[in-house]
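Subject: Two-chain model, handover and findings

Hello,

Please find the structure below. My notes on it follow.

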Amino acid sequence: MLRTKGERLRDELVAMADKYGRDRSSLLNILQEVQHRYYSISEYAMQVIADLLDIHPVEIHSVVSFYSFLNARPRGEFVIRLCRTISCDMAGKDQVARQLENDLGITFGETTPDGKFSLEWANCLGMCDQGPALLVNQRVYTHVTPEKIHGILQECRQRFGVHAMAGQKEKHI
Amino acid sequence: MITPTRTSSLTFSEITPGSGLKAALSRPPADALAKINFSGLRGRGGAGFPTSLKWELADKSPGQKKYVICNADEGEPGTFKDRVILADFADLVFEGMTIAAYCISAQEGIVYLRAEYTYLRPHLEEVLEQRREKNLLGNKIGGQDGFDFDIHVRMGSGSYVCGEETALIESLEGQRGEPRNRPPFPIDTGYLGNPTTVNNVETFAWAACILSQGSDWFKKLGTEKSTGHKLFSVSGDCQLPGVYDLPLGITIDELLDQVGGQDAKAVQVGGAAGQCVPRHEFHRAIAYEDIPTGGSIIVFGPHRDMLRVAANFLEFFIDESCGQCTPCREGAPKLLEGIEMLQRGECSMEHLQELYSLGQTMQLASKCGLGQTAPNTFLSIVDHFRDEILGRTAPA
């Protein structure tokens with residue numbers, strides 16, 4: 001039988017709710033997993049989770065909007081977060097930021113049209129002794145220079161191959 | 001990928017893993033508590049609350065279910081020592097949590113790990129699994145009847161304010177990370193309404209060391225009110241940034257000598273929430289009774305523009321404010337506007353004085369530590385760097 005995308009998502013959400021427990025205290029766990037799998041948390045997903053945990057969907061939207069690693073709007077497969085806090089600032093994050101924008105063709109807060117990269121600011125990544133630092137999804141890069149940006153992006157692009165990605169994705173979270 | 005963080009020689013590496021827990025379990029819980037009490041250990045996250053008192057209150061608080069939470073939401077700008085501890089001494093942290101559980105009769109432990117450190121999670125899970133296999137977690141730990149305790153890792157989702165203990169608990173409960181009014185304190189009304197002790201990563205590690213080596217060993221160093229060593233995260237304009245294991249009570253001058261930052265014009269102690277200490281105060285001590293810190297030391301060299309520093313910190317607080325209370329939500333943007341006026345050379349003394357008093361109001365009237373400390377750097381820069389910030393020429 002043909003199943004719609006929505007039905008599939010619902011099944012996944014039910015499985016997640018059962019795995020973490022159908023309590024409000026499981027909400028962040030579930031949202032983190034949805035974010036990881038789908039790069040964003042859609043209104044439909046919020047509604048289903050609300051039903052499963054027996055809370056109002058607005059509550060879920062409120063939680064999603066609070067945390068910087070959860071997004072209601074679609075984000076790219078690779079979210080690049082450049083640390084803008086003081087030590088990285090002093091180590092030259094402005095130049096790195098500029099080069100990121102140049103190489104990706106987007107500014108901070110945007111996602112590339114192909115849905116591959118999002119560019120965001122992060123507050124202190126805890127790499128202050130090795131700034132400038134950035135995160136690509138969960139991977140951390142330190143002592144980043146404008147010159148190194150191209151290589152970092154290439155590394156991501158090489159992981160676009162279907163087979164490479166399939167293995168890569170499940171390993172995280 | 002990551003260049004390992006430079007560290008001084010660390011006390012933690014001299015401790016035999018397991019020795020602290022073994023010592024604790026060989027005596028009744030009250031003895032372990034007494035040891036922590038005699039050591040004078042205070043919270044290493046920065047607030048400096050006496051650890052034994054927190055545990056004692058959680059222990060005395062009535063309740064069947066109790067929780068031990070490790071605050072690994074290290075988000076204070078300039079702090080990275082918890083990352084190093086979790087990567088290199090996770091066993092010691094879990095051991096400290098287990099000792100805490102023994103003291104307060106908790107059954108469940110949670111490590112709240114910040115989302116930015118997700119890459120540390122597989123390592124932590126592995127260490128936890130090894131501990132379960134060795135019966136250092138699980139049922140009847142160390143063969144003690146009735147001592148059942150296990151630890152799970154839960155992830156943050158990118159929010160600085162969740163490092164505040166009640167906001168952290170809100171987040172674990174599936175809520176926005178908005179701090180609660182205190183009292184009630186987590187020691188009686190914590191996670192899911194149960195008595196809960198929330199301690200910093202480093203605090204747990206030191207607790208394990210104290211049980212292993214004794215209170216006197218710990219007290220030998222530091223000052224009377226700030227006993228023991230502390231890990232400092234040093235970054236900024238110095239030759240040797242990294243993690244340093246130093247006794248509390250050390251002066252800023254002495255610290256700068258070690259890290260190669262002798263020419264500094266100012267040092268930020270305690271991160272964005274801390275204070276900016278100018279050169280003529282470098283004789284002051286880093287200790288709870290003088291300049292308290294969670295361990296963040298950021299060195300500003302002679303050429304640094306202090307207004308840029310203040311602006312950076314204020315942007316940080318504006319971004320991370322939960323928006324619940326007005327002084328913090330509305331105050332920080334006003335202060336930033338003031339900084340921008342100073343940068344343009346347009347701020348009158350009268351306006352600056354008004355902003356100064358607004359900053360003091362924020363310290364008094366904000367609900368949680370974030371808002372109360374948000375104006376600190378602004379105020380200390382206005383106090384100490386007037387020559388530098390007033391009457392600037394507008395940028396071309």
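Helices and strands here are DSSP runs, a helix having at least four residues (H or I) and a strand at least two (E), numbered from the N terminus. The model is a predicted one.

Chain A

On that basis the secondary structure of chain A amounts to 8 helices and 4 strands. Read from the N terminus, the order of its elements is α-α-α-α-β-α-α-β-β-β-α-α. The C-alpha trace of chain A spans about 50 × 35 × 25 Å along its principal axes.

The interface of the two chains

On the side of chain B, 55 residues are in contact with 39 residues of chain A. Between them the two chains bury about 3600 Å², and 53% of this is on carbon and sulfur atoms.

As for charged pairs, side chains of opposite charge can pair when their charged atoms come close. The rule finds 4 salt bridges across the interface of chain B and chain A, while the count over all chains is 43. Which residue forms a salt bridge with A:Asp89? The partner is B:Arg308, and the closest N and O atoms of this pair are 2.7 Å apart. B:Arg308 also forms a salt bridge with A:Asp94, where the closest N and O atoms are 2.9 Å apart.

Two packed helices are described by the angle between their axes and the distance between the axes.

The crossing of helix 11 of chain B past helix 15 of chain B is left-handed. Helix 11 of chain B contributes B:Met306, B:Val309, B:Ala310, B:Phe313 and B:Leu314 to the contact, and helix 15 of chain B contributes B:Thr377, B:Phe378 and B:Ile381. By class these residues are 7 nonpolar, 1 polar and no charged.

Helix 2 (residues 29-39) of chain B packs with helix 3 (residues 51-60) of chain B at an angle of about 150°, their axes being 8 Å apart. These two helices are therefore also roughly antiparallel to each other. From helix 2 of chain B the contact takes B:Leu33, B:Ile36 and B:Asn37, and from helix 3 of chain B it takes B:Thr51, B:Ser52, B:Trp55 and B:Glu56. The division here is 3 nonpolar, 3 polar and 1 charged.

How are helix 4 and helix 8 of chain B placed to each other? Helix 4 (residues 81-88) of chain B and helix 8 (residues 201-213) of chain B pack at about 50°, with 9 Å between their axes. They are therefore oblique to each other. Helix 4 of chain B passes helix 8 of chain B in a left-handed crossing. In this contact B:Lys81, B:Asp82, B:Ile85 and B:Leu86 of helix 4 of chain B meet B:Val201, B:Glu202 and B:Ala205 of helix 8 of chain B. The residues of this contact divide into 4 nonpolar, no polar and 3 charged.

Regards

Notes:
Residues numbered from 1 in each chain as written. Chains lettered and ligands numbered in written order. Predicted model: local features only at pLDDT ≥ 70, side-chain atom pairs only at ≥ 80, totals over all residues. Heavy atoms only, no water. Axes fitted to C-alpha atoms, helices over the stretch in contact; angles between N-to-C directions. Parallel < 35°, antiparallel > 145°, perpendicular 65-115°, else oblique. Left-handed = near helix turned anticlockwise from the far one by under 90°. Contact = heavy atoms within 4.5 Å. Nonpolar A, V, L, I, M, F, W, Y, C, P; charged D, E, K, R; others polar. Buried area = accessible area lost by both parts, 1.4 Å probe. Salt bridge = Lys/Arg side-chain N within 4 Å of Asp/Glu carboxyl O.
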